[in-house]
Amino acid sequence: MMVLQPVNAKEDLWVADTFQRLETLANERKSLLVINENPLDTETSGGFVHLIMSLPVKVMGRTVIAGGSKIECQYDPVRNVRYIPTTCLRILTPEGYDYRIIGHIYDLNGTRGIPADRQKKNGALQADLAKELQLVIEQVTAVGFPSRLWPRPTPNKE
């Protein structure tokens, strides 16, 4: 006989399991392969770049982040350097999951930031699309769906 769980209990289990799996990625500092979806130019302050997850990411035998997931990141309007510092804030999966994270981008050699392809006369940097990069998740702050997020659980204080 199958026992049905209340909706809240199923949600609680999903949230706890998802946090555990994503935090495993963060604790292991696992590099996740991503591709730059659009070119960027640091002349624009507060710029955003969209990345795509190249391959599915599995933790404990289960896919946690599907291949093709979109990663939203922001980059700093730097000038006269070789790498563009980029912080990732959100992963949206094809299944509709929304993971709020703090992560950073590295090139394939492990240097932090997106490598610039060109430098303008004013020192602003440009990077082409379709660059292969690595995402390292450092913290998971919320999981859920765009319309409903559950924040990171905090330990009970007694």
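Author: Residues are numbered from 1 along each chain as its sequence is written. The model is predicted, so to speak, with rules attached: local features need pLDDT of at least 70, side-chain atom pairs count only at pLDDT 80 or more, totals for chains, interfaces and linings use all residues, and side-chain values use heavy atoms, with hydrogens and water left out.

Reader: What makes the link between Cys-73 and Cys-88 a disulfide?

Author: The cut-off is a pair of cysteine sulfur atoms within 2.5 Å. Here the S to S distance is 2.1 Å, so the pair qualifies. A search of the whole structure finds one disulfide. The link is right-handed, with 85° about the S-S bond. Cys-73 sits in strand β6 and Cys-88 in strand β8 (residues 86-92), 15 residues apart; strands here are DSSP runs of E with at least two residues, helices are runs of H or I with at least four, and both are numbered from the N terminus.

Reader: Are those two cysteines buried or exposed?

Author: Cys-73 and Cys-88 are both buried. Buried means under 20% relative accessible area, exposed means over 50%, and partly exposed is in between (1.4 Å probe, protein chains only).

Reader: Why is Met-60 called exposed?

Author: Its relative accessible area is 53%, and the label needs over 50%, so Met-60 counts as exposed. Met-60 lies in the loop between β4 (57-59) and β5 (62-65), and has a positive phi of about 50° although it is not a glycine.

Reader: How many salt bridges does the structure hold?

Author: The structure holds 13 salt bridges. One of them pairs Arg-100 with Asp-98 at 3.0 Å, N to O. Asp-98 has 0% relative accessibility, so Asp-98 is buried, while Arg-100 at 25% is partly exposed.

Reader: What do Arg-118 and Asp-128 tie together?

Author: Their side chains meet in a salt bridge of 2.6 Å, N to O. Arg-118 lies in strand β11 (residues 118-119) and Asp-128 in the loop between β12 (125-127) and β13 (132-145), so the bridge ties together parts that are 10 residues apart in sequence. Arg-118 is partly exposed at 39%, and Asp-128 is partly exposed at 30%.

Reader: Which residues do shared partners join into one network?

Author: Glu-72, Arg-90, Asp-98 and Arg-100 are joined that way by salt bridges.

How values were computed
A salt bridge is a side-chain nitrogen of Lys or Arg within 4 Å of a carboxyl oxygen of Asp or Glu.
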